[in-house]
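Here is a short report on one chain. Read it with the model open beside you.

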Amino acid sequence: RRLAAKNAKAALALDPAPKVPLERQSVDLYAGDGSLEGGLRAVGVREELRGAMRAERRKGIKEANFLRGMR
């Protein structure tokens, strides 16, 4: 127990800010700057966010189905 507490304290000292999942963040999406590279970057950012949100929705659906099956 003491070793686990020591490890947790050391981990907190290394990274004090908790990691917030992408789909839970309030982010302003990059809209691009009119160039081709900017547009491709904006598409990439949107795809990353869309994928994270889809995974979160699927996780919620799976959990709801599991809990419904336990009744």
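**A pair on one helix**

Start with Lys-59 and Glu-56. Both sit in helix α2, three residues apart, about one turn of the helix. An α-helix has 3.6 residues a turn, so residues three or four places apart point the same way. This is a predicted model. In it, Lys-59 forms a salt bridge with Glu-56, and their closest N and O atoms are 3.9 Å apart. The cut-off for a salt bridge is 4 Å. Lys-59 counts as exposed, at 53% relative accessibility. Glu-56 is partly exposed, at 24%. Buried means under 20%.

**The second pair**

The structure holds two salt bridges. The other joins Glu-47 to Arg-50, with the closest N and O atoms 2.7 Å apart. These two residues also lie in helix α2, three residues apart, about one turn of the helix. Side chains of opposite charge can pair when their charged atoms come close. Glu-47 has a relative accessible area of 42%, so it is partly exposed. Arg-50 is partly exposed too, at 47%.

The table sets out the two pairs.

| Salt bridge | Closest N and O atoms | Relative accessible area |
|---|---|---|
| Glu-47 with Arg-50 | 2.7 Å | Glu-47 42%, Arg-50 47% |
| Lys-59 with Glu-56 | 3.9 Å | Lys-59 53%, Glu-56 24% |

**The helix that carries them**

Helix α2 covers residues 36-69, which is 34 residues. From its first C-alpha to its last, α2 reaches 49 Å. That is close to the 50 Å expected at 1.5 Å a residue. Which residues of α2 are buried? They are Gly-38, Ala-42, Leu-49 and Ala-52.

Two further residues of α2 deserve a look. Lys-62 is found in this helix. At 56% relative accessibility, Lys-62 counts as exposed. Phe-66 is found in helix α2 as well. Its relative accessible area is 55%, so Phe-66 is exposed too; the cut-off for exposed is over 50%.

Helix α1 runs over residues 2-14. At 1.5 Å a residue, its 13 residues should span 18 Å. The end C-alpha atoms are 19 Å apart, so the span agrees. How many of the residues in α1 are buried? The count is zero, and α1 is hardly covered.

Now compare two positions along the chain. Lys-62 and Ala-10 are 52 residues apart in sequence. In space they are 35 Å apart, C-alpha to C-alpha.

**The whole chain**

The secondary structure comes to two helices and zero strands. The radius of gyration is 19 Å, well over the 11 Å that the globule rule gives for 71 residues, so the chain is more spread out than a compact globule. Along the principal axes, the C-alpha atoms fill a box of roughly 55 × 45 × 15 Å.

Burial across the chain comes next. Buried residues make up 6% of the 71 residues. The chain exposes about 6600 Å². Carbon and sulfur atoms supply 58% of that area.

**Putting it together**

The chain has two helices and zero strands. Helix α2 holds the Glu-47 and Arg-50 pair, and also the Lys-59 and Glu-56 pair. In helix α1 the count of buried residues is zero, whereas Gly-38, Ala-42, Leu-49 and Ala-52 are buried in α2.

Note on methods: Residues are numbered from 1 along each chain as its sequence is written. This is a predicted model: local features need pLDDT of at least 70, side-chain atom pairs count only at pLDDT 80 or more; totals for chains, interfaces and linings use all residues. Side-chain values use heavy atoms; hydrogens and water are left out. Helices (H or I, at least four residues) and strands (E, at least two) are DSSP runs, numbered from the N terminus. The expected span of a helix is 1.5 Å times one less than its number of residues. Buried means under 20% relative accessible area, exposed over 50%, partly exposed in between (1.4 Å probe, protein chains only). A salt bridge is a side-chain nitrogen of Lys or Arg within 4 Å of a carboxyl oxygen of Asp or Glu. The radius of gyration is taken over C-alpha atoms; the globule rule is 2.2 Å times the number of residues to the power 0.38. Accessible areas come from the Shrake-Rupley method with a 1.4 Å probe; for residues, only the protein chains shown count as cover.
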